[in-house]
Amino acid sequence: MTPPVTAVPMFDLGRAARRIDEELRRRWDRLLEQTAFVGGDEVSEFERAFADSQTVESCVAVANGTDALTLALRALGVGPGDEVIVPAFSFIATAEAVSLVGATPVFADVDFESLNLDLKDAASKLSSRSVGIIGVHLYGSPFDIDEALSLCRERGLWLVEDAAQAHGAQWRGRAVGGFGRMATWSFYPSKNLGCFGDGGAVTTNEPELAERVRRLANHGVTGRYHHAVVGTNSRLDALQAAVLNCRLPRLAADNARRGRIAERYRRYLAEVPEVVALPEGQNSVSAWHQFTVLSPRRDALQAFLAQRGIGSATHYPEPLHRQPAFADLGEPPLLPVAERAAAEVLCLPMFAELTDPEVERVGQALLAFAG
Ligand SMILES: Cc1ncc(COP(=O)(O)O)c(C=O)c1O
């Protein structure tokens, strides 16, 4: 069946682009005049503004969120023989980065309510080779930072926050991204703070770590054509920084709008018992990167919405510990919550420019699904 023309998209980058059109053109004209396309003023302006917005000391802009993770791990000295705990339910980059630096990702289950890292399960997976934990603020909702920090302190581990989905989220009234030794960010176009290509960043309150990331991301350079370590090329280009400079001042208002959309979805869902929204965290404010529901009839729900022209997405249909990419790690562990999540999650349309009639339309479709 052809979807109706007045479809509600899962995401519409065009609407976000139109809002910054004028300012972006001004910034682009200036870049053309300066012919400064990699690094330069736009990038430094963004690094300062983003660090301030997350109340952290340093921000190093890099080429994407996967590089941000990999560079953070390298800066922490992670390598072969080390084990790093990662949640089994995340985007693959969280675990991929561990493998990319030659260490071993150890998958822990996620918590039944939040679908964020289950820190009790994480504790049970620690060994003498464990060096740290990567927590993911999944869907923009912070994991339990108090519990993670206390486990890390107790066991002498570092904590890295994978904040790729959590721009503007808060834990106990403070922006995420400054709690772990480092935090990593993605500015992929569909993120709350997205550019028009690939982009990423590492934030930290430790200047020495920031310096190491900056060096590694620029070929390990320490002087003109002098390279102290083997690094890589992972720099943010100026056009992407210009997009981010246009969008960052709008982030707080955009997240607030996402929060209001979430509230409206919740009101509809109160009347749809078989579709359950993930609960809001008690000590946190979500960035509402996604609005995620669980349903044992997830595939039927997705098809039902699609027939009504409503987009939705399954983030993620396969848990990480069952990905063929990690087959060499041996028999996958039993992680029942991650497996259930992969079978039941569905993300509804969520972006700041969604209109009230569109939200209403999604809500009515959810009620119709309930019959
Ligand atoms: C949780 C998480 N970590 C890491 C990444 C990787 O970011 P990028 O796609 O910019 O490499 C993503 C991107 O979707 C993500 O969602």
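Me: Which residues does I134 touch, not counting residues up to four places away in sequence?

Reply: Contact means that heavy atoms lie within 4.5 Å. On that basis, and leaving aside residues up to four places away in sequence, I134 touches L69, L73, V84, I85, V86, P87, T94, V98, L117, W158, V160 and D162. This is a predicted model, in which local features need pLDDT of at least 70 and side-chain atom pairs count only at pLDDT 80 or more, while totals for chains, interfaces and linings use all residues. Residues are numbered from 1 along each chain as its sequence is written, and side-chain values use heavy atoms, with hydrogens and water left out.

Me: Which residues touch the most other members of the largest nonpolar core?

Reply: In soluble globular proteins, nonpolar side chains tend to be buried together. A nonpolar core is a set of buried Ala, Val, Leu, Ile, Met, Phe, Trp, Tyr and Cys residues joined through side-chain atoms within 4.5 Å; buried means under 20% relative accessible area, exposed over 50%, and partly exposed in between (1.4 Å probe, protein chains only). Here the largest core has 50 residues, of which F89, L115, I134 and M182 touch the most other members. Helix α4 (residues 65-75) is the element that gives the most to this core, with 6 residues; helices (H or I, at least four residues) and strands (E, at least two) are DSSP runs numbered from the N terminus.

Me: Why does this core lie between domain 1 and domain 2?

Reply: Both domain 1 (15-249) and domain 2 (251-370) give residues to the core, so it lies between them. The domain bounds come from an automatic or database domain assignment. Another core, of 47 residues, lies apart from it, and V56, A122, C152 and A169 are among its members.

Me: Is H137 buried or exposed?

Reply: H137 is buried, as its relative accessible area is 0%. This histidine sits in the loop between β4 (130-136) and α7 (145-155). Beyond residues up to four places away in sequence, H137 touches N116, P142, F143, I145, E161, D162, A163, Q165, A166 and V176.

Me: Which residues other than glycine have a positive phi, and where is a peptide bond cis?

Reply: Most residues other than glycine have a negative phi, and most peptide bonds are trans. T35 has a positive phi, near 45 degrees, and is found in the loop between α2 and α3 (41-53). With a relative accessible area of 54%, T35 is exposed. H219 also has a positive phi, near 60 degrees, in the loop between α8 (207-216) and β10 (221-223). At 35% relative accessible area, H219 is partly exposed. The cis peptide bond runs from H315 to Y316, with omega near 20 degrees. Y316 is placed in the loop between α11 (298-307) and α12 (336-344).
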